[in-house]
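Subject: Structure handover

Hello,

I am passing on the structure below, with notes on what turned up in it. Please read them with the model open.

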Amino acid sequence: MAPTYHYHCLNDGNIVFAASIVNIFTDLLTTIIPMPLIWSLKLPIRQRLVVISIFGLGIVVNAAGCVRTAFVYKSMIMSHDQTWVGWPISLAAAVEIDLGLVR
């Protein structure tokens, strides 16, 4: 008699795609939430605009995260050959991390 197991495998593509969506959302929040707080500081308007523009560079990081998420979807969900189609994920992830560090 063969044993029956109540276990099943997880879909890696869906998990990574969901994590990418959450990452985009949190990056967007960390970009947008400080802006009204910075605007309410008692600084000259030019300094406030400079600080807001520095935080606004986070939108570039969000764009890189969206590109990476598109590659994750193409490689891990739509394709059957993750190693052949998946190399742009590593490149896009490196660009996103480097932009986040520069910001």
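Helix 4 passes helix 6 in a left-handed crossing. Helix 4 covers residues 58-77 and helix 6 covers residues 87-102; their axes come within 9 Å and cross at roughly 165 degrees. Angles over 145 degrees count as roughly antiparallel, so helix 4 and helix 6 are roughly antiparallel to each other.

The contact involves these residues:

- From helix 4: Val60, Val61, Ala64, Gly65, Arg68, Phe71, Val72, Ser75 and Met76.
- From helix 6: Pro88, Ile89, Ala92, Ala93, Glu96, Leu99 and Gly100.

By type, the residues of this contact of helix 4 with helix 6 divide into 11 nonpolar, three polar and two charged.

On confidence: the model is predicted. Its pLDDT averages 86 over the chain, and 99% of the residues score at least 70. Among the elements of the chain, the highest mean pLDDT, 91, belongs to helix 1 (residues 12-32), and the lowest, 78, to helix 5 (residues 82-85).

Is Ser53 buried, exposed or partly exposed? Its relative accessibility is 41%. Buried means under 20% and exposed over 50%, so Ser53 counts as partly exposed. From Ser53 to Ile15 the separation is 38 residues in sequence and 33 Å in space, C-alpha to C-alpha.

Regards

Methods. Residues numbered from 1 in each chain as written. Predicted model: local features only at pLDDT ≥ 70, side-chain atom pairs only at ≥ 80, totals over all residues. Heavy atoms only, no water. Axes fitted to C-alpha atoms, helices over the stretch in contact; angles between N-to-C directions. Helix = DSSP H or I, 4+ residues; strand = E, 2+ residues; numbered from the N terminus. Parallel < 35°, antiparallel > 145°, perpendicular 65-115°, else oblique. Left-handed = near helix turned anticlockwise from the far one by under 90°. Contact = heavy atoms within 4.5 Å. Nonpolar A, V, L, I, M, F, W, Y, C, P; charged D, E, K, R; others polar. pLDDT = per-residue confidence, 0-100. Buried < 20%, exposed > 50% of the residue type's maximum accessible area, 1.4 Å probe, protein only.
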